[in-house]
Amino acid sequence: MKAIRRFSVRPVLPEPLRPLSELARNLRWSWHPETRELFQAVDPEGWRAAAGDPLRLLGAVPATRLAALAEDRRFRRRLAAAADDLHDYLTGRRWYQEQPEGLPAAVAYFSPEFGITAALPQYSGGLGILAGDHLKSASDLGVPLIGVGLLYRHGYFRQSLSREGWQQEHYPLLDPNELPLSLLREPDGTPSRVTLALPGGRSLLAYIWQARVGRVPLLLLDSDVEENAPGEREVTDRLYGGGGEHRLLQEMLLGIGGVRAVRTYCRLTGHAEPEVFHTNEGHAGFLGLERIRELVARGAGFDGALECVRAGAVFTTHTPVPAGIDRFDRELVARHFGAGGELPGIDVERVLELGLETYPGGEPNLFNMAVMGLRLAQRANGVSTLHGQVSRQMFAGLWPGFDPEEVPITSVTNGVHAPTWVAPEVLRLGARQIGAGRAEDALTIGGSQRWDAVAGISDADVWELRRTLREQLVEEVRERLRASWRERGAGTAELGWIDGVLDPDVLTIGFARRVPSYKRLTLMLRDRDRLMELLLHPERPIQIVVAGKAHPADDSGKRLVQELVRFADDPRVRHRVVFLPDYGMAMAQKLYPGCDVWLNNPLRPLEACGTSGMKAALNGCLNLSVLDGWWDEWFEPDFGWAIPTADGTATDENRRDDLEAAALYDLLAERVAPRFYDRGAGGLPGRWIEMVRRTLATLGPKVLAGRMVREYVDRLYAPAAEAQRALNPDAARELAGWKARVRDAWPGVAVDHVEAVADTALNGTAELGSTVSLRVSVTLGALDPADVEVQAVAGRVDPSDRLSRTSTFPLKPTAGPGTDGRRIYEGPLTLDRAGPFGYTVRILPAHRLLASGAELGLVTLPSEATDRASGVLLR
């Protein structure tokens, strides 16, 4: 029989055990070992059955067991200590509270997914895990963050395999009442809601659920409201499900509804209103439009409101390819923001111009969410140094006239939340070496001096730790593999071979991530005979654990999964290579620590960051990766290996994959495996252990999410808050008017003539350290010198006379305009580098409230005629 209604019955805890409820509802337990150990002590068998979820555990513990615990003085002391520790964590001063004044009172952080814990499955991959780690580290550091996302009733899909190895998707229904969430309510007890207007007089209503991520509230909007029509109830049905209008409504709810949810939360709780709004990828970009609407409703003009919103906004892009960005048809967006739709009082054409691809190479009828995110934020960043470069090239069309290096997109390299991803055994070893308090600081705040203590751990202890973690992984793999084969229809009698899968003494390689084609799941299969030789080598065998999900609509990705599964099913190698379905946080927390080598072989430079290798590194796992994302930035031969790439334009993709696969096999056979199996005194691989130490000591403080969040605070949040405060309504109106005046007058700005006088005879060459005096004649038209900056730009020149590695030098006006209206600017240019050297001059808009000279996308350079008649080129 099937139930006609479902509801959740919560246990009534005995009074002495009431603190368990608070501990279970604050997700700090997901990264706090002592709290997890306390829940495990409640009922060890029940803890395993509940998959480490405290709420599920408490809902299943027999009343007799609870009564016994209520009388157990030792347990009550442990409970009181855990409750006191949580209270101190939530209320005490932390890193942020010790910083100088001027930091934002609060920051709102919007993301379409959040990976906090497997008990709250609201994530699909790296973007969500990164967002979850950002919230956890903000909590550890005391950053007053408010997270904003959507509550997906089906989450992301669960993955299983058919007998033939084809990916199958399942979408279990999630009941918010059974999750670590509470409904935000008004003072009279009714649920708080946000409302969006839809075309045709319809409305989209959403509840606001709250998760407590340590000190950070996470607000999740849920459209499963009875008053909604069936289509609207399904807006938050599943993560990255549907397309077109369904996806647009999800992103309107996330952005517009998210701002309204933040306002509601702050009204009800007294939390400080955010001064900075951080958009994690373009999915939440509509939040800027809602903030503009708020200001227009208070009497601001659109242009002044836009400047205010931009000043306090940070936009993070995570994709290195245009295909990874959500784009909507112009007419669909116009219908939802036109008459009867959202944002009343704002001209729909002003909305459209913020997102349309109206630049060279764009498609003018498409509304691009990342483009809108960039136009609505004064500060933007990629997620690794290389990804910052890629992003500047990808979005250079928004800043015409500027070289990609000057596009105002910086980078903050991602990090990972160490307390979540470091195995308890690693934590205990670190605490034994430097003390529990210092170990906790090292994992949350960072600082290289705290990681140098790794050098004092003996080889025997390091190797024993690595073997213990590998052994745990072997047990986990066998258990999951057996469950997978049962789902594929196998009987117990045909699964005896699983007891021999993997060996805790064999070099273990991990590869786990989403399965888009650019991540090249099956690169390892390019030469199957060569791979089988490596797997079955009589003296230096390797074993590989693979996991990953293909998007439900990506049949090519599913074919890659099936190809790998079929290879792993081969009886000759199935004890050495395994594919585990349903990759998620719970699996990852066993996989990263248990592997010796973490493999990553994307197409360079399509990996924005790639944080899985960071999590592995924090557990002493060595990286073997293409130089992409974070590995391009921090790789050193002392602690890992770089897979050579064949990414030249002259190499077709099949030959490229063959070459890179061959390089991978060579590395494994000639360098990785020999080092692992090269045993010295006491049977220990001394050189391998030293690489583990170097990985921990060198990469440890770099890959921390604590380092990442501190960089966001210092480099983006603090300047954004300062800019936001500077833009009162009058200042915003003045800045908007100035920008309009400059744009109108810019066609009249020109570089007319450049003269150069050197302190020595040039004749095409000069000595290092000599000086060139520049004298530049410019026409400013309707603008004043205060509106512009005239610069010399100097650097190396290539054979095509293109400048690179440039430096800029401001030139100063000498006097008022001449009789012809022209102005003269002068300044010295020091020849500060040897080799081919050149310069040009340019004019940029200048205003004290601009974050960058490129902000308006306006620049004037010498014409070709001016260039030929003047200037210096030195070789």
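This is a predicted model: local features need pLDDT of at least 70, side-chain atom pairs count only at pLDDT 80 or more; totals for chains, interfaces and linings use all residues.
Residues are numbered from 1 along each chain as its sequence is written, and side-chain values use heavy atoms, with hydrogens and water left out. Local features need pLDDT of at least 70 and side-chain atom pairs count only at pLDDT 80 or more, whereas totals for chains, interfaces and linings use all residues.

An unreviewed UniProt entry lists residues 13-120 as "domain: DUF3417"; such annotations may be inferred rather than shown by experiment. Over residues 13-120 the chain is 53% helix and 4% strand, with the end C-alpha atoms 23 Å apart. Helices (H or I, at least four residues) and strands (E, at least two) are DSSP runs, numbered from the N terminus.

Helix α2 (residues 33-42) and helix α6 (residues 73-91) have axes that come within 10 Å and cross at roughly 150°. Axes are lines fitted to C-alpha atoms, for helices over the stretch in contact, and angles run from 0 to 180 degrees between N-to-C directions. The helix α2 is therefore roughly antiparallel to α6, a term for angles over 145 degrees. In this pair, Glu37, Leu38, Ala41 and Val42 of α2 meet Phe75, Arg78, Leu79 and Ala82 of α6, where contact means heavy atoms within 4.5 Å. The residues of this contact divide into six nonpolar, no polar and two charged. Here Ala, Val, Leu, Ile, Met, Phe, Trp, Tyr, Cys and Pro count as nonpolar, Asp, Glu, Lys and Arg as charged, and the others, Gly among them, as polar.

A second pair involves helix α7 (residues 126-141) and helix α28 (residues 705-726), whose axes come within 9 Å and cross at roughly 80°. This makes α7 roughly perpendicular to α28, the class for 65 to 115 degrees. By class, their contact has eight nonpolar, three polar and two charged residues. Among the α7 residues that meet α28 is Asp133.

Asp133 also touches Lys615, which the unreviewed UniProt entry lists as "modified residue: N6-(pyridoxal phosphate)lysine". Lys615 lies in helix α24 (residues 612-617) and is buried, with a relative accessible area of 4%; buried means under 20% relative accessible area (1.4 Å probe, protein chains only). Not counting residues up to four places away in sequence, Lys615 also touches Ile129, Val416, Trp421 and Tyr592.

Gly288, in helix α10 (residues 287-297), counts as buried because its relative accessibility is 3%. Beyond residues up to four places away in sequence, Gly288 touches Val309 and Leu376.

Technical notes: Angles under 35 degrees count as roughly parallel, over 145 as roughly antiparallel, 65 to 115 as roughly perpendicular and the rest as oblique. Buried means under 20% relative accessible area, exposed over 50%, partly exposed in between (1.4 Å probe, protein chains only).
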